[in-house]
Amino acid sequence: MAPSTLRRRLLSELRKTVVALMSAEWDVALEAKPAAEVTRAARTLLALQRARLRLGTAELAAIRDQLRENEPELVKAIVALGRARKKLHNVKMVLVAAASLLRTVGRIIDIVV
């Protein structure tokens, strides 16, 4: 996949996930969760927003090689996050999928995961 296509796909997935984690459905899913899990969810949302911002503003030429090197992991993580987003009631699944994507993105751009 071309690096520009991969970046667009990644940005789209990040946007969709941020929107999902700002939804009423996600809020309801977090209602009965322990404070530590709610805090983890909030930190994950913040990290997703930061990744989206930094990937969106990064020069493609500066991250092209890292996108190519990490393409298999990125594609796998994008698919997993898409599946998890369809099951927002499963908070743990969403957070694990998001963390996996963020770890891979962290190898490409400077974000705190």
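The model is predicted: local features need pLDDT of at least 70, side-chain atom pairs count only at pLDDT 80 or more, and totals for chains, interfaces and linings use all residues. Residues are numbered from 1 along each chain as its sequence is written, and side-chain values use heavy atoms, with hydrogens and water left out. The largest nonpolar core has 34 residues. H4 is roughly perpendicular to H5, and H1 is roughly perpendicular to H4.

**Nonpolar core**

- A nonpolar core is a set of buried Ala, Val, Leu, Ile, Met, Phe, Trp, Tyr and Cys residues joined through side-chain atoms within 4.5 Å.
- Buried means under 20% relative accessible area, exposed over 50%, and partly exposed in between (1.4 Å probe, protein chains only).
- In the largest core, of 34 residues, those with the most contacts inside it are Leu10, Trp26, Leu74, Leu101 and Val105.
- Two or more residues each come from helix H1 (3-20), helix H2 (24-30), helix H3 (35-57), helix H4 (60-69), helix H5 (71-85) and helix H6 (91-106).
- H6 gives the largest share of this core, eight residues.
- Helices (H or I, at least four residues) and strands (E, at least two) are DSSP runs, numbered from the N terminus.
- In soluble globular proteins, nonpolar side chains tend to be buried together.

**Helix pair H4 and H5**

- Axes are lines fitted to C-alpha atoms, for helices over the stretch in contact, and angles run from 0 to 180 degrees between N-to-C directions.
- The H4 and H5 axes come within 5 Å and cross at roughly 75 degrees.
- H4 and H5 therefore count as roughly perpendicular (angles under 35 degrees are roughly parallel, over 145 roughly antiparallel, 65 to 115 roughly perpendicular, and the rest oblique).
- H4 contributes Leu67, Arg68 and Glu69 to the contact, and H5 contributes Glu71, Pro72, Glu73 and Leu74.
- Contact means heavy atoms within 4.5 Å.
- The residues of the H4 contact with H5 divide into three nonpolar, no polar and four charged.
- Ala, Val, Leu, Ile, Met, Phe, Trp, Tyr, Cys and Pro count as nonpolar, Asp, Glu, Lys and Arg as charged, and the others, Gly among them, as polar.

**Helix pair H1 and H4**

- H1 and H4 pack at an angle of about 90 degrees, and their axes are 9 Å apart.
- That angle is why H1 and H4 are roughly perpendicular to each other.
- Pro3, Ser4, Leu6 and Arg7 of H1 meet Leu60, Ile63, Arg64, Leu67 and Arg68 of H4.
- The residues of this contact of H1 with H4 divide into five nonpolar, one polar and three charged.

**Two residues of H4**

- Leu67 is found in helix H4 and is buried, with a relative accessible area of 0%.
- Leaving aside neighbours within four places in sequence, Leu67 is in contact with Pro3, Leu6, Arg7, Leu60, Leu74 and Ile108.
- Leu67 and Glu37 are 30 residues apart along the chain, and their C-alpha atoms are separated by 31 Å.
- Gln66 also lies in helix H4, but is partly exposed, with a relative accessible area of 27%.
- Gln66 and Gly106 are 40 residues apart in sequence and 10 Å apart in space, C-alpha to C-alpha.

- Leu81 lies in helix H5 and is buried, at 0% relative accessible area.
- Beyond its neighbours within four places in sequence, Leu81 is in contact with Glu13, Thr17, Val94, Ala97, Ala98 and Leu101.
- Thr44 lies in helix H3 and counts as buried, at 9% relative accessibility.
- The Thr44 side chain reaches the backbone oxygen of Arg40 at 2.8 Å.
- Neighbours within four places in sequence aside, Thr44 is in contact with Leu95, Ala98 and Leu102.

Terms used. A polar contact is a pair of N or O atoms within 3.5 Å; within protein, one must be able to donate a hydrogen and the other to accept it, and residues adjacent in sequence count only if both atoms are side-chain atoms.
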